[in-house]
Amino acid sequence: GGFDWGYAHPFCFGVFAADEDGGLLLIDSCHGRQLQPAGIAERWRDILKKHDLLERVRMVIAGHDCWSDIKARGERGPTLEEQFRVNEGFYFRKAHISRVAGVQNMRAYFARATHPPRFRMFDTPGNRRTWEVLASRVSDPDNVEDVLKVDADHEGRGGDDPYDMVRYALMSR
């Protein structure tokens, strides 16, 4: 799985399958906001059950904010990673979060010269939303090796959370 956390801004979770040649398939994805970990995990389980994968996903590649949101302030409360692991049974691994390295890796996965393509996705409502975000990324005019960071508005519309989720998953391979 791949996960970009969000509460006020959207979160995005995707479930992937890998082939023996290093290609990745995005099976499905879900999006939402203003949900606690239990509510997010429920959405994940719905997707995993739909594709008969509930017992197969053992690791979720997640952004570093899942480890640091609370403990960075010196508090002793559980991090998001701990909540998902202890209460929901999902184990996280820290994503490689370099935006420049990530976009370069994505460009290699999306290169049209590879047959079959190294990145594919099923046609699902969640993946259509993810694809809209991926297809709308624009190179950063100040750094053409990166793409522009796009935040959601105050009502949670827009943002690049699906892009980050896919970038994390692709960098894990």
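**Aromatic pairs and cysteines**

A: In this predicted model, F3 is buried, its relative accessible area being 0%. The ring of F3 pairs with that of W44: the centres are 4.9 Å apart and the planes meet at 75°, so the pair is edge-to-face, given that planes over 60 degrees apart fall in that class.

Ring pairs connect F3, W5, F11, F13, W44, W67, F84, F90 and F92 into a cluster. In the structure as a whole there are 13 aromatic pairs. Another kind of ring contact involves Y109: R118 lies over the face of this ring, 4.1 Å from its centre.

As for the cysteines, a search of the whole structure gives 0 disulfides. C12 takes part in none; its nearest cysteine sulfur belongs to C30 and is 6.9 Å away, whereas a disulfide requires sulfur atoms within 2.5 Å. C12 counts as buried because its relative accessibility is 0%, under the 20% limit. C66 is likewise in no disulfide, and the cysteine sulfur nearest to C66 is that of C12, at 13 Å. With 0% relative accessibility, C66 also counts as buried.

Notes: Residues numbered from 1 in each chain as written. Predicted model: local features only at pLDDT ≥ 70, side-chain atom pairs only at ≥ 80, totals over all residues. Heavy atoms only, no water. Phe/Tyr/Trp six-rings, centres within 6.5 Å; stacked < 30°, edge-to-face > 60°. Buried < 20%, exposed > 50% of the residue type's maximum accessible area, 1.4 Å probe, protein only. Lys NZ or Arg CZ within 6 Å of the ring centre and 35° of its normal.
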